[in-house]
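User: I would like to learn how to read the features of a model, one at a time. Where do we begin?

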Amino acid sequence: MGTDSQRWGRRLVLSLVVVLVSSPLSAAGPTGQMLAVLIGGPAAVLFWVSVIGLLVTAARSWVFRRSSSRTPSQADLRDIVSSDPAPRRPTMAGRRTRVAGAEDSWIKGVRGEHVVGAVLDGTGLPVLHDRRLRKGSRANIDHLVVAADAVYVVDAKNLAGSLTTVGDQLRIGGRDRTALLEGVRRQADEVGAALSRFGITAPVRAVLCLVGTARPPGLGFAGGVLLTTPDTVGQLSTLPGMLAAGDRDRIADLLAWAFPPAVSN
């Protein structure tokens, strides 16, 4: 909120200076009075608009801080995450074993996550990558994005085949892949529940980002999930909303606390 307050404050000061400077012109006859109206009139309007802007920004800041000022206790954190290290994927000499010359689905998935992660990092928004979902689960959240309008839970999938949607059903390569929608919706529910435990009210939206040949033509929607590609997922940063930069950073810090890295170093 600080950036918005500073912007309105600068406008208020500038408009007040212009009003004060132009006021003496009204005593310089008809010409001076006309100049005073032409210069001071818009400045006076800007002054009152800036006052209202400052009041609205202050009110938004107070509401957000009131909902998020509670510092999470150790009990809260134990409920949200486990202190046990996350299980690692099977490795051999630092590399995952696989058949020579073959690219398994895990490698393809990691490549897809990296492509999407690079795009999201370029948006300038707070982004968390590869976070552990919950205690006792091997499931992970590929990406968490805190945008101005919502928190986005982004699941990246590298899949081949034609993509079609019928109602809430997703089909890829002729197969029913609706379970992908259900999976990312469950992740979004987990994130929303964590934010509620921190006393924060913010929309949480599920996103499926497809990086293989199975891609929607632009932005799509199925079963309550936004369907995107690496070419369109960056548009999340352009959506207007109520969360200012400071609010987004605080929410990202809390989410990083609630959902630690899926693989420890």
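Analyst: This is a predicted model. We begin with burial in a helix. In α5, the buried residues are Thr178, Leu180, Leu181, Gly183, Val184, Gln187, Ala188, Val191, Gly192, Ala194 and Leu195.

User: How many residues does α5 have, and what does α5 span from its first C-alpha to its last?

Analyst: Compare the reach with 1.5 Å a residue. Helix α5 covers residues 178–197, which is 20 residues. The distance from first to last C-alpha is 29 Å, close to the expected 28 Å. After α5 comes glycine 199, with a positive phi near 80°.

User: Now α6. How many residues does α6 have, and what should they span at 1.5 Å a residue?

Analyst: Run the length check again. Helix α6 (residues 245–258) has 14 residues, which should span 20 Å. Its end C-alpha atoms lie 20 Å apart, in agreement.

User: Which residues of α6 are buried?

Analyst: They are Asp247, Arg248, Ile251, Ala252, Leu254, Leu255 and Ala258. Now look down the axis of α6: these buried residues fall within an arc of 165°, so they line one face of the helix.

User: What about alanine 244: buried or exposed?

Analyst: Buried means under 20% relative accessible area. Alanine 244 has 10%, so it is buried. Its place is the loop between β9 (225–228) and α6. Alanine 244 and alanine 148 are 96 residues apart in sequence, yet their C-alpha atoms are 6.4 Å apart.

User: On to sheets. In what order do the three strands of the open sheet stand?

Analyst: Read the order from the pairing. The order is β4-β5-β6, and the pairing is antiparallel. β4 and β6 are the edge strands, each with a single partner strand, so one side of each has no neighbour in the sheet.

User: How many bridges join β4 and β5?

Analyst: Count bridges strand by strand. Strand β4 (residues 163–166) pairs with β5 over four bridges, in the antiparallel sense. β5 and strand β6 (residues 175–176) pair over two bridges, also antiparallel.

User: Which residue of β6 is the bridge partner of arginine 171?

Analyst: Aspartate 176 is that partner in β6. Opposite arginine 171 of β5 also stands threonine 164.

User: Which residues of β5 are on its covered face?

Analyst: Sort the side chains by face. In strand β5 (residues 169–172), Leu170 and Ile172 make the covered face. Gln169 and Arg171 make the uncovered one.

User: What phi do the glycines take in the hairpins?

Analyst: Look at the turn residues. The hairpin of β4 and β5 has two residues between the strands, and glycine 167 takes a positive phi near 65°. The hairpin of β5 and β6 also has two residues between its strands; glycine 173 in that turn has a positive phi of about 60°.

User: Which residue other than glycine has a positive phi?

Analyst: Aspartate 130 is one of them, with phi near 50°. It belongs to strand β1 (residues 127–132). Aspartate 130 is partly exposed, at a relative accessible area of 28%.

User: Last, the surface. Which residues form a nonpolar patch?

Analyst: Look for nonpolar side chains that group together. Val13, Val17 and Val21 form such a patch on the surface. Together they have about 260 Å² of accessible area. Valine 13 is in helix α1 (residues 2–22).

Key
Residues numbered from 1 in each chain as written. Predicted model: local features only at pLDDT ≥ 70, side-chain atom pairs only at ≥ 80, totals over all residues. Heavy atoms only, no water. Expected span 1.5 Å × (residues − 1). Buried < 20%, exposed > 50% of the residue type's maximum accessible area, 1.4 Å probe, protein only. Arc of directions from axis to C-beta. Patch = residues over 30% accessible without salt bridge, like charges linked within 9 Å, V, L, I, M, F, W, Y side chains within 5 Å. Areas by Shrake-Rupley, 256 points an atom, 1.4 Å probe, with all protein chains shown as cover. Salt bridge = Lys/Arg side-chain N within 4 Å of Asp/Glu carboxyl O. Pairing = 2+ DSSP bridges.
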